[in-house]
Structures are given as structure tokens and as C-alpha cells.
Amino acid sequence: MSTPTTVSPAGSTGPSASVADTGPDFEQIKSWKTPIALAIFTLLGFLLLVVFGRDGESTMRLSTTTDLIQLPDVVLPTRPTGVVVVALLLLITAGSGWLVRSKAKVPLWLVTVFAVLLLVGFLAWASADHTIPVPGLLFGSLSLAVPLIFGALGGVISERVGVVNVAIEGQLLAGAFTSAMVASITQQPLLGLVAAMVAGVLVSFVLAAFAIKYFVDQVIVGVVLNVLVSGVTGFLFSQLLAPNAATLNSPPRFENINIPLLSEIPIIGPVFFRQTLIVYIMYVAVACVYFGLFHTKWGLRLRAVGEHPQAADTVGINVARTRFWNVSLAGAIAGLGGAYFTLGSVGAFGKEMTAGAGFIALAAVIFGRWDPIRATLAALLFGFASNLQNVLSIIGSPVPSEFMLMLPYLVTIFAVAGLVGQSRGPAASGKPYIKS
Amino acid sequence: MSETLQTPPVSSGKPAQPGQPDQPDQPGRVYQIFREITTGNAIISVLAVLLALLVGAILIAFTNEDVQKASVYFFSRPGDTVVAAWNSVSGAYSALFQGSVYNFRKPDFASGIKPLTETLTFATPLIAAGLGVALGFRVGLFNIGGRGQMLIAAALGGWVAFALDLPAGIHLVVALVVGVAGGALWGGLVGLLKARTGAHEVITTIMLNYVAYYLVSYLLRDGFLKTPGSNNPQSPASKPTAVFPDLLGPTYNLHLGFILVIIATIFTWWLLSRSNLGFQFRAVGLNPHAARVAGISVDRMYVYAMLLSGGLVGLAGINQVLGTSTSGFDAGIDSGIGFDAITVALLGRSRPWGVFAAGILFGAFKAGGFSMQAAEGVPIDIVLIVQSLIVLFIAAPPLVRAIFRLPTPGQKTPGAKTPRKRTTTPTEVVAS
């Protein structure tokens with residue numbers, strides 16, 4: 001520090017942060033982050049499941065009453081289950097420590113197994129002498145995750161093309177508002193879906209116009225757009241929708257569609273294949289975005305513009321146009337997510353009904369490292385965590401409900417700090433491209 | 001250390017700023033003055049406010065019932081529609097003005113000026129939180145965690161205010177310090193996580209908002225913030241020894257918090273533009289890589305910046321508990337100020353005095369918005385629309401110039417070709 005003339009990029013940072021600062025040329029440095037994180041979770045698991053263990057039997061119901069193939073309920077003795085789970089957790093932690101010692105990376109599947117085990121242990125602990133309906137839990141999780149997934153897909157596309165999309169919240173809200181209104185007037189939920197996409201695109205147009213044409217800081221435009229959409233929808237809601245609720249704010253909802261055969265698969269069927277049309281569109285959207293981004297010319301160009309617009313420009317890609325239309329596409333996808341609030345779940349528009357879902361979607365984008373599949377998984381995790389609280393509060397959990405509600409957010413912080421670490425977005429994301 | 005740092009981080013990387021309004025040589029002095037006014041920032045700000053109010057007026061007129069009734073027979077008597085529109089808009093905006101600056105219907109000056117003091121009261125937490133967010137922006141950090149930081153500050157400071165028995169004066173100071181420290185720690189945690197593990201501050205601040213909300217909800221329901229013998233999730237009232245004294249007597253709500261906010265603004269200005277630490281902050285904000293090369297510990301700056309940012313936002317939280325709602329608080333004590341602060345910081349262009357002015361403007365909108373809703377039935381959401389449009393327009397000077405046909409700065413003669421060519425791409429159709 002005293003001699004700033006010597007260039008020392010790594011010297012100024014702490015020892016634990018040095019992993020991120022050294023380039024790939026350096027020798028592989030051991031990162032103890034994962035084993036430490038696992039050890040902390042194992043300790044927490046030990047405290048909860050063994051020290052504060054509960055006696056009784058936990059029942060997990062695997063089938064719904066309408067299933068063709070009925071699976072028997074799984075009954076676990078609560079305390080022994082906890083002990084076994086903690087023992088397995090300890091094994092995995094030790095294993096990951098050994099892996100790091102021998103300079104290998106801890107594979108993702110090991111962490112996933114760890115998480116699932118911890119979850120099973122926790123569920124068993126929380127449901128002592130009660131029954132947890134597993135399909136219901138997962139079904140609700142997916143429902144809660146749908147708007148997040150649409151929002152995250154919009155965020156991924158937008159950021160991959162180089163425009164930071166903080167306006168997901170606004171796109172969701174605009175989609176929810178217009179779909180409710182259009183579907184109420186026309187009594188056609190499908191037209192509501194189209195309207196939601198148009199609304200999302202309109203929000204995107206403003207974002208794109210200001211970010212690409214006027215070079216305004218993209219985060220600023222995004223934040224302000226959220227406020228603007230919240231204001232416009234709130235204003236129109238009070239002035240138009242609330243006084244004329246019967247004609248303007250009572251949209252027909254999509255019916256659940258059971259897909260033949262697939263919906264009869266135990267556990268998976270009731271969760272994934274007895275959903276509404278929007279959810280099926282979501283499956284297609286995730287697959288299309290993933291395939292498109294990484295296996296088509298469109299995706300290659302999109303990513304090139306987001307990573308190195310100058311290079312893309314040099315080879316003849318119109319950077320501004322690519323960004324403009326892809327941000328619009330992102331808006332359309334996020335708008336669909338908004339329609340889910342009104343046409344899929346709640347049924348009528350309410351002020352601020354998205355309640356921060358757009359920000360959670362943004363977190364899912366970063367958590368998923370700008371990858372559509374990973375972002376979808378992150379969104380599912382958020383949905384699961386919120387629904388877990390709902391289910392546990394119904395069966396009467398020993399933990400105060402506030403702490404259950406807090407859990408997903410705490411887990412995210414831990415996960416982002418301990419497992420994801422320094423995440424790097426598309427290189428040119430957030431930077432306007434000024435053609436010289 | 002500061003001397004050796006002076007050169008590299010700030011000047012590196014950034015190309016020379018284009019478009020400085022310099023030497024329009026041939027034309028006369030009057031023209032020069034005209035150009036300076038029309039191409040300056042001030043005129044853009046004023047026009048942006050006007051434009052935003054205009055859009056608001058259109059929305060008010062279109063959704064007004066009288067206007068809708070009159071518009072049915074628009075082609076036979078168009079005058080009725082115009083009159084109805086004028087009445088709805090002028091009624092709403094005069095209510096906005098009378099609710100935020102001066103109420104002409106009151107008999108004397110003392111009661112007529114009350115709305116202005118209300119404006120300042122509403123502006124107080126907005127300025128404090130806006131300063132915190134702006135400080136983060138200057139270091140390249142996006143602090144969306146205002147809500148959480150305010151809640152923690154309010155909870156800790158509020159606890160000191162209602163639970164401890166201390167002499168007057170000391171009690172106030174202790175509550176203030178504890179609250180600000182609470183906000184600072186909640187924010188500093190984000191900085192620490194970013195510095196130590198690289199966790200993105202946007203994720204962690206959003207997540208900590210929820211954690212703080214549920215934590216405070218729990219404490220209010222079943223913890224040390226609970227009012228004994230009450231089922232409401234609300235804290236007991238602050239003790240009188242810990243309440244901010246009124247500045248202008250009991251008739252006005254304006255309290256000591258406003259003075260504290262002025263001090264905070266001066267402090268932030270001094271910190272950012274006069275202190276060694278502020279220099280390092282700005283260097284990191286402009287280019288963290290260059291700052292690191294120059295020997296600035298970027299990680300440490302992130303921690304310090306988030307501590308200070310959280311502390312300033314915490315001041316907004318403690319201001320709510322000790323000044324505005326002293327009769328006990330619930331988990332909604334932040335009332336959205338943590339998010340409003342982002343717009344305030346943006347409007348103020350992350351400059352301390354800019355934030356101060358923006359905070360007062362938004363305070364006026366807030367104070368006037370309530371009376372507008374009460375008097376004219378115009379939903380307060382119109383205020384959100386106008387606020388966000390102002391920020392949007394101010395952020396895009398070329399748009400405002402294009403709408404009002406103002407000359408572009410940096411252009412030599414009035415007839416010269418504009419640097420940006422006009423082509424009709426879809427982008428433009430939407431933007432105009």
C-alpha cells in the first residue's frame with residue numbers, strides 16, 4: 001500500500017479472495033469455500049436434527065387421491081432419520097474436504113445430494129407426527145416458480161445481449177395488468193396472454209430506446225421503469241379497474257389440462273403434467289431459450305453482441321438492432337410470466353400484485369450465472385422454499401413462521417456466498433455500444 | 001498516499017468527454033448566453049419536470065369522469081370536454097401545490113406555510129436514504145437493500161427509544177447512534193460478503209431485505225420489540241426523552257431529523273469530494289481494476305462504502321422511529337422509502353446536494369399527493385408516474401432537446417448538421 005508504484009494486483013486483496021483474482025494461467029489454488037459451507041450446514045443439521053431432535057413418526061404422502069397408481073405413504077421414524085441424515089452429511093463434508101485436499105474440485109452433484117439429504121432430514125424433523133403431501137408441496141412450488149422462471153428467462157436473454165434488465169418487475173406487472181384487462185373484456189384468456197406479451201414488449205421498447213439510443217445507464221432506466229409501471233398500473237387500477245371490476249377485472253382463468261399418460265406417472269405426473277397452459281408454454285420456452293442461445297446462429301450472434309459488441313460489429317452484426325429486438329423478446333417472455341399472476345393463479349389484478357417477484361427473478365438470473373437452465377433451477381428453488389413455508393404452516397411447524405419465510409433468502413445468501421462466488425456476467429452487459 | 005494516487009485511476013480508460021459547450025466563436029454575446037442556457041443541465045431539468053407534469057395531466061384528464069361524460073358529445077360541443085379536462089387537471093395540480101408548498105385557503109401565513117414544512121418532513125428520510133444509495137452508486141455498488149437497512153435501524157434504535165431509561169439528550173443520542181450502527185452493520189454485511197466471497201450485492205441486498213422484514217416481524221410478534229399485553233405486531237411508543245424535538249413548535253411536524261439530514265448531506269459531500277477515503281471510493285467506482293493497480297484495496301473500499309451507505313439509510317430508518325411515527329412502529333415502518341431512495345439518488349445524479357434537492361422535490365410530491373388524493377380523488381399513484389418520468393427525461397437529455405427543438409451542446413453553429421443522424425429505425429419511432 002505504501003508503494004503504489006509497484007503493480008501488485010493480488011497483493012492488495014485478502015487471501016480468501018485471491019482465487020478470483022488470479023488468472024487461469026496460475027496453478028490451481030485450493031478453495032476451501034465449499035467444504036466450509038458444507039461443514040456449517042452439517043453443524044446446523046446436527047444441532048437441529050439430533051440435539052433438538054423430535055420423537056415421533058413423519059409421514060410423507062407420495063400420491064394424490066386421483067392417481068391411477070397409488071404409492072404407499074412413506075413413514076420415517078423422526079429421530080433415527082435425523083441421525084442417519086447427519087451421518088451422511090458428515091460423510092459428504094469429509095469427502096469434499098478430502099477432494100479439495102487432493103486438489104480436485106467438489107462436483108456439483110455431491111452438493112446437490114447434500115442439499116437433498118438436508119432437505120429430507122429437515123422435512124422429517126418438521127413433520128413429526130404429521131403428514132406431508134409431497135406432490136402438493138412440489139405442485140405449489142412449481143406454481144410459485146412459474147412467473148419467476150419467465151422473468152428469469154427474460155433477464156437471461158436481455159443480459160446476454162448486453163442490456164441489464166432490472167425492469168423485469170415492471171414487465172411482469174405490466175403483463176399482469178394488461179392480461180387481466182384484455183381477458184376480462186374479451187373473455188378470452190388466450191388474447192390475455194397475447195396482450196401480456198405486448199405489454200412486456202412495450203416496457204422493453206422504452207428500456208431499449210433509452211438504453212440503446214440515448215445511452216442512458218441501463219440500471220437507471222430499469223429501476224425507473226419499475227416505478228413507472230407500478231404507478232401507471234396503480235393509477236389505472238384505481239381509476240378504471242376498481243370501479244368497473246365486473247367488466248374490466250374479472251378475467252377467465254386457464255383450466256388445468258391433464259396430459260394423458262404423462263399425468264399418471266407417480267409424483268412427477270401430478271406435479272408437472274396437470275398444470276395450466278401457461279406452465280406448458282413455460283416448458284417450451286425454457287427449452288427454446290436454452291437451445292436457441294447455445295445451438296443456433298441467433299444465439300451465437302446474441303451472445304457475441306453481449307460479450308464483445310465491437311467484434312460483432314466488425315463482422316457485420318448490427319449491434320443496436322440485435323439488442324433492440326432481443327430486449328423486446330425478453331420483454332415478451334417476462335410479460336407472459338405476468339399473465340400467470342392473473343390468468344393462472346390469482347384471477348384478478350391487484351395493485352403491486354407481483355410483490356417483488358421481478359427482483360427475485362433478477363436474483364435467479366445472477367444465481368443461475370446467466371444460464372437459462374440454471375436460472376430456471378434457481379427460480380424453482382425460490383418457489384420451493386416459499387411453498388415449503390405454506391405447507392409447514394398448515395401442518396403446524398415448530399419453527400416460528402417468520403423464520404421459515406426467511407429461510408429461502410438465507411439459503412440464497414449462503415449459496416451465493418459459499419458456492420457460486422464471484423459470478424461474471426456477459427462482458428458488455430450494461431455498457432452502451434457507441435459506434436464510432 | 002493520496003498524491004501518488006492522483007493520476008492513474010481517474011484518467012485511465014475514459015475517453016475525453018464529448019460535447020462540452022465550448023467556444024461558439026463567431027456569434028454575439030447574447031447568442032452565447034442563450035446557448036448556455038438552452039444547452040445547460042438546468043433547463044433540461046426544468047423541461048423534464050414540465051414534460052412529466054404534462055404527461056400526468058393527460059392521464060388525469062383521460063381518466064376523469066366528467067371528461068369522459070363530456071367526450072361522448074365531443075363533436076357537438078368540444079368546449080365542454082376541454083373545460084372538464086382543464087378543471088380536472090388544474091384542480092389536481094393546485095391541490096398538489098397547496099398540499100406541498102403553500103395553502104392559500106388558510107387565513108394567515110403561519111398556517112398557510114404548513115404544507116411546506118410537511119414537504120420537508122417527508123423529504124427528510126428520502127434525503128438520508130438517497131444519500132446512502134448515492135454513495136453506493138459512486139463506488140459502483142447498487143444498494144437495493146434500503147428496506148432492510150431501514151428496518152434494522154428502526155428496530156434497534158426503536159428498542160433503545162422505548163426500552164431504556166436514560167436522561168433526555170443522552171437517550172436521543174444513544175438511540176440515534178444505535179440505529180445508525182444497525183443500518184451500517186446490515187449494509188456492511190453486504191460489503192463484507194462481496195469483498196470476501198464475491199457475492200453480488202444486488203442479490204444479497206434483496207435477500208437481506210426479506211430477512212430483515214421477517215426478523216423484525218418476528219421480533220414484533222414474539223420478541224423483544226413486542227408490546228406487552230398486546231396482540232398487535234407493534235412496538236411500544238418511544239419514550240419522550242428519545243423523540244426528536246420539533247424545530248418550529250408543536251403546530252408543525254418538522255423535527256430535528258431535518259437538521260441531521262442537512263449535516264449528513266454536508267458530511268457526504270465532504271467525504272466524497274474532499275477526503276482521502278472519498279477519493280478512493282470514486283476511483284473504485286470509476287474503474288475498480290485501475291484502482292487496484294494503483295494500490296487501492298478495492299475489497300476494503302466495498303466494505304467501507306456499504307457500511308457508510310447502510311449507516312445513511314439507517315439514519316432514514318431511525319428518523320422514522322424517533323421523528324415521524326413515535327407512537328410505536330410495525331414492520332412496514334420503511335414505507336417504501338428504501339426503494340424511493342433509489343429514484344432520489346438517480347434524480348440527484350448521485351451528488352450529495354443533488355440528492356438533497358431531489359429529496360425535497362419528492363417530499364413535495366409525497367406531501368402534495370396525499371392532499372391531491374383527498375381533495376380531488378386523483379390516486380396518489382400519479383405521483384409515482386410523474387416522479388419516474390422526471391428521472392427518465394433527465395437521464396436522456398437528447399430526448400428532451402429533440403422534443404423542444406433545443407440546440408445540441410458542442411455544436412458550433414445553429415444551422416450545422418447534428419452529430420446524430422436522424423434515421424427512422426424502430427427505436428426512434430418508439431422513442432419519439
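**How two chains meet, and the spaces they leave**

Author: In this predicted model, 64 residues of chain A are in contact with 60 residues of chain B, contact being heavy atoms within 4.5 Å. Residues are numbered from 1 along each chain as its sequence is written, and chains are lettered from A in the order in which they are written. Local features need pLDDT of at least 70, side-chain atom pairs count only at pLDDT 80 or more, totals for chains, interfaces and linings use all residues, and side-chain values use heavy atoms, with hydrogens and water left out.

Reader: What is the area buried between chain A and chain B?

Author: About 5400 Å² is buried there, and carbon and sulfur atoms give 77% of that. Buried area is the accessible area (1.4 Å probe) that two parts lose on being put together, summed over both.

Reader: Which helices of chain A supply at least two residues of the side that touches chain B?

Author: They are α7 (189-213), α8 (218-241), α14 (319-345), α15 (357-367) and α17 (401-420). Helices here are DSSP runs (H or I, at least four residues), numbered from the N terminus. The largest share, 16 residues, comes from α8(A). On this side of chain A, 43 residues are nonpolar, 16 polar and five charged. Ala, Val, Leu, Ile, Met, Phe, Trp, Tyr, Cys and Pro count as nonpolar, Asp, Glu, Lys and Arg as charged, and the others, Gly among them, as polar.

Reader: What lines the largest cavity?

Author: Its volume is about 40 Å³, a volume being the space filled by probe spheres set on the grid points, which are joined across faces, edges and corners. Among its lining residues are A:L49, A:R54, A:T78 and A:W125. α3(A) gives the most, with four residues.

Reader: How do you know that the lining of the second largest cavity is nonpolar?

Author: That lining consists of B:Y93, B:L96, B:F365, B:M372, B:I382, B:V383 and B:V386. Tyr, Leu, Phe, Met, Ile and Val count as nonpolar, so the lining divides into seven nonpolar, no polar and no charged residues. α18(B) gives the most, with three.

Reader: Which residues lie nearest the centre of the second largest pocket?

Author: A:S230, A:E352, B:G336, B:F339 and B:D340 do, out of 30 lining residues. About 910 Å³ of space lies in this pocket. Its lining has 15 nonpolar, eight polar and seven charged residues.

Technical notes:
On a 1 Å grid over the protein atoms alone, a cavity is a set of points where a 1.4 Å probe fits but cannot get out, and a pocket is an open set with protein on both sides within 12 Å along at least five of seven lines; lining residues have an atom within 4 Å of a point.
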